[in-house]
Structure formats: structure tokens, C-alpha cells
Amino acid sequence: MGKRLWVERNKDGSWDAFSDDGAHIKFGKDRGQFTPGDLMKVALAGCAALSSQFAIEHTLGEGKGAKIVVDGSYDPENDAYTGFDEQVVVDASDAGLSDEDAEKLKERITRHIDKGCTVKHTYVQETPVRMNVTIKR
């Protein structure tokens, strides 16, 4: 089992998510807050960022990374995302890469994300969700 996460409602209607190891994020439906759907996209982009980090830093140097933009196709009739588009952009303009080296970096990044991104692996398969509702009295 992965690390334990939970959410709690705030008096202003927003929500806070917590983890056993101290992570925290605020979310909700108001302006300036991530929605749960946004967090799905953030998870996908963040996973790609962490998965690609080694390949990028190995080629371009420590501290270099990608900008990853994720958009989702939403089906309002079924209240579900039907797919995600992920754009990984690496600024290597100051690295002087040849066309061949740029293509090799692109292939390495793709391999690293395909191999190491748990979120992507989860999204591309049908993932059952088990739910249990408990009413404390």
C-alpha cells in the first residue's frame, strides 16, 4: 500500500489534502484553487517531470528540466476525462545540441517517462476504485 493521504474540509469551503509525511495542498472549486480534475493533470505532469529529470540533467546539466503542459478531453455527459494530451518542452537552446543529439535526448526522455511514470501507467489502464463509506455516530 502507498503512503496514506486524506482530505479535510475548511470553513471557507475549500479543502486541504495531507499525507503522513507532512505534504499539504489546498484545493477546491473557487478561483485560484486546483480542482480534483486539475490535480489529475498535475499528477501526470509532475510524474513526467520527475521521470524525465535524470535524462535531461545528464545531457543539459544539473538544474535543467522540462516544462510539461497537460490538457484533458472532458466528457460532461459521463463526467469523466476521456484522454490527456501531454506536451514536454525542453529548452536546450543554450546547449548547442546537434540535430542527432536533440533526437537522442527526445528518445531518452520518452523512454524514461514511459518506464518510470506510475501515473501514466495507471491512466492508460482501467483502474478500479474501491470505496467504503463510514458514518461515525
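**Exercise 1. Burial and overall form**

What share of the 137 residues in the protein chain is buried? Describe the overall form of the chain as well.

*Solution.* Step 1. The structure is a predicted model, in which local features need pLDDT of at least 70, side-chain atom pairs count only at pLDDT 80 or more, and totals for chains, interfaces and linings use all residues. Residues are numbered from 1 along each chain as its sequence is written, and side-chain values use heavy atoms, with hydrogens and water left out.

Step 1. Set the classes: buried is under 20% relative accessible area, exposed is over 50%, and partly exposed lies in between (1.4 Å probe, protein chains only). Buried residues account for 19% of the 137 residues.

Step 2. List the elements, taking helices (H or I, at least four residues) and strands (E, at least two) as DSSP runs numbered from the N terminus. The chain holds 3 helices and 5 strands, in the order β-β-β-α-β-β-α-α from the N terminus. The radius of gyration is 18 Å, well over the 14 Å from the globule rule for 137 residues, so the chain is more spread out than a compact globule. Here the radius is taken over C-alpha atoms, and the rule is 2.2 Å times the number of residues to the power 0.38.

**Exercise 2. Two domains**

Find how the protein chain is divided and how many residues of domain 1 and domain 2 are in contact.

*Solution.* Step 1. Domain 1 covers 1–34 and domain 2 covers 35–124; the bounds come from an automatic or database domain assignment.

Step 1. The centres of the two domains, taken over C-alpha atoms, are separated by 24 Å.

Step 2. With contact meaning heavy atoms within 4.5 Å, 6 residues of domain 1 touch 5 residues of domain 2.

**Exercise 3. Salt bridges**

How many salt bridges does a search of the whole structure find? Work through three of them.

*Solution.* Step 1. A salt bridge is a side-chain nitrogen of Lys or Arg within 4 Å of a carboxyl oxygen of Asp or Glu. The search gives 6.

Step 1. Lysine 3 pairs with aspartate 21, with the closest N and O atoms 3.0 Å apart. This pair links distant parts of the chain, 18 residues apart: lysine 3 sits in the segment before strand E1 (5–9), and aspartate 21 in the loop between strand E2 (15–19) and E3. Lysine 3 is exposed at 51% relative accessibility, and aspartate 21 is exposed at 56%.

Step 2. Lysine 26 pairs with aspartate 16 at 3.9 Å between the closest N and O atoms. Lysine 26 belongs to strand E3 and aspartate 16 to strand E2, 10 residues apart. Lysine 26 is partly exposed at 38%, whereas aspartate 16 counts as buried at 9%.

Step 3. Aspartate 94 pairs with lysine 64, the closest N and O atoms being 3.6 Å apart. The two are 30 residues apart: aspartate 94 is in the loop between strand E5 (80–90) and helix H2 (99–116), and lysine 64 is in the loop between helix H1 (36–60) and E4. Aspartate 94 is exposed at 60%, and lysine 64 is partly exposed at 33%.

**Exercise 4. Two aspartates**

Which residues is aspartate 71 in contact with, leaving aside its neighbours within four places in sequence? Then place aspartate 79.

*Solution.* Step 1. Aspartate 71 is in strand E4 (residues 66–75) and is partly exposed, with a relative accessible area of 48%.

Step 1. Beyond those neighbours, aspartate 71 contacts Lys41, Gly83, Phe84 and Asp85. Glycine 83 lies 12 residues from aspartate 71 in sequence and 8.6 Å away in space, C-alpha to C-alpha.

Step 2. Aspartate 79 is in the loop between E4 and E5 and is exposed, with a relative accessible area of 58%. Its phi is near 50°, a positive value in a residue other than glycine. Most residues other than glycine have a negative phi.
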